[in-house]
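Please keep the sequence and the model in view while reading.

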Amino acid sequence: MSDLDIQLLPWQQEVWNDPTRFKVIAAGRRCGKSRYAAYRLLVEALQADKGHVFYVAQTQGQARDVMWSVLAEVGRPVIKQMHINNLQITLINGSTISLKGSDRPDTMRGVSLKFVVLDEFAGMKIEVWEEVLRPALADQKGSAVFIGTPAGRNHFWDLYQYATIADDPDWKSWHLTSFDNPLLDPKEIDAAKKSMSSFAFRQEFM
């Protein structure tokens with residue numbers, strides 16, 4: 001794990017250091033969500049002896065487009081094999097990172113998981129978490145990160161509210177805007193604001 005060059009933004013460092021088991025991150029575009037997820041997937045897999053971790057997007061194609069190249073880049077020192085056909089990465093300790101689509105929940109059943117990232121959770125069916133992934137974390141007492149750009153008051157909003165106000169030490173939430181990425185030019189965000197409706201800008205960037 002010491003071979004990984006993990007470089008975190010301030011917000012990523014804060015979330016990383018927090019010991020909460022289930023983390024809900026409501027975040028604007030381009031604030032660094034994917035790179036944070038990639039680092040967590042790699043480290044969690046390295047800490048599990050021949051264990052399994054999942055990255056779940058709405059479809060497997062989206063999972064590939066968002067995460068495959070990021071994992072290949074930052075995980076190069078600890079990756080043993082990359083299998084593009086089934087979107088699975090094997091690390092030097094024998095653990096695997098699998099990229100999955102929430103539209104095919106049956107492909108995620110029957111696996112004991114150490115860790116899972118659910119990206120753009122607002123676009124998934126809640127049953128994917130409640131009936132498939134949450135039970136898969138039970139025997140290892142695994143953890144999860146929910147990431148998303150809010151899209152109205154749906155199940156992601158409900159989960160964010162629960163993690164924010166419920167008296168449950170296993171859950172915690174963070175709200176981030178695109179301005180929380182110091183590598184993103186604020187002038188670019190301001191330029192986007194001028195050409196977007198106020199609702200769309202608040203949802204996507206704020």
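**Sheet, hairpins and helices**

Strand 4 and strand 5 (residues 96-101) run antiparallel and are joined by three bridges, where two strands count as paired if DSSP finds at least two bridges between them. Helices (H or I, at least four residues) and strands (E, at least two) are DSSP runs that are numbered from the N terminus. This is a predicted model, in which local features need pLDDT of at least 70 and side-chain atom pairs count only at pLDDT 80 or more, while totals for chains, interfaces and linings use all residues. Residues are numbered from 1 along each chain as its sequence is written, and side-chain values use heavy atoms, with hydrogens and water left out.

**Hairpins**

- The hairpin of strand 3 and strand 4 has four residues between the strands, with L87 in the turn at a positive phi of about 50°.

- Eight strands make up an open sheet with mixed pairing, in the order 3-4-5-2-6-7-1-8.
- Strand 3 and strand 8 (171-176) are the edge strands, each pairing on one side only.
- Strand 1 (residues 22-27) pairs with strand 8 in the parallel sense over six bridges, and A26 stands opposite H175 in strand 8.

**Helices against the sheet**

- Helix 4 (residues 126-136) lies across strand 1, strand 2 (52-57), strand 6 (115-119), strand 7 (143-148) and strand 8, and runs at about 155° to strand 6; axes are lines fitted to C-alpha atoms, for helices over the stretch in contact, and angles run from 0 to 180 degrees between N-to-C directions.
- Helix 5 (residues 155-165) packs on the sheet and touches strand 1, strand 7 and strand 8, its direction making about 115° with that of strand 8; contact means heavy atoms within 4.5 Å.

**The chain in numbers**

- The chain holds seven helices and eight strands.
- Of the 206 residues in the chain, 49% are buried, that is, under 20% relative accessible area with a 1.4 Å probe, counting protein chains only.
- Among contacts between residues at least 6 apart in sequence, 70% join residues at least 24 apart.

Notes:
Buried means under 20% relative accessible area, exposed over 50%, partly exposed in between (1.4 Å probe, protein chains only).
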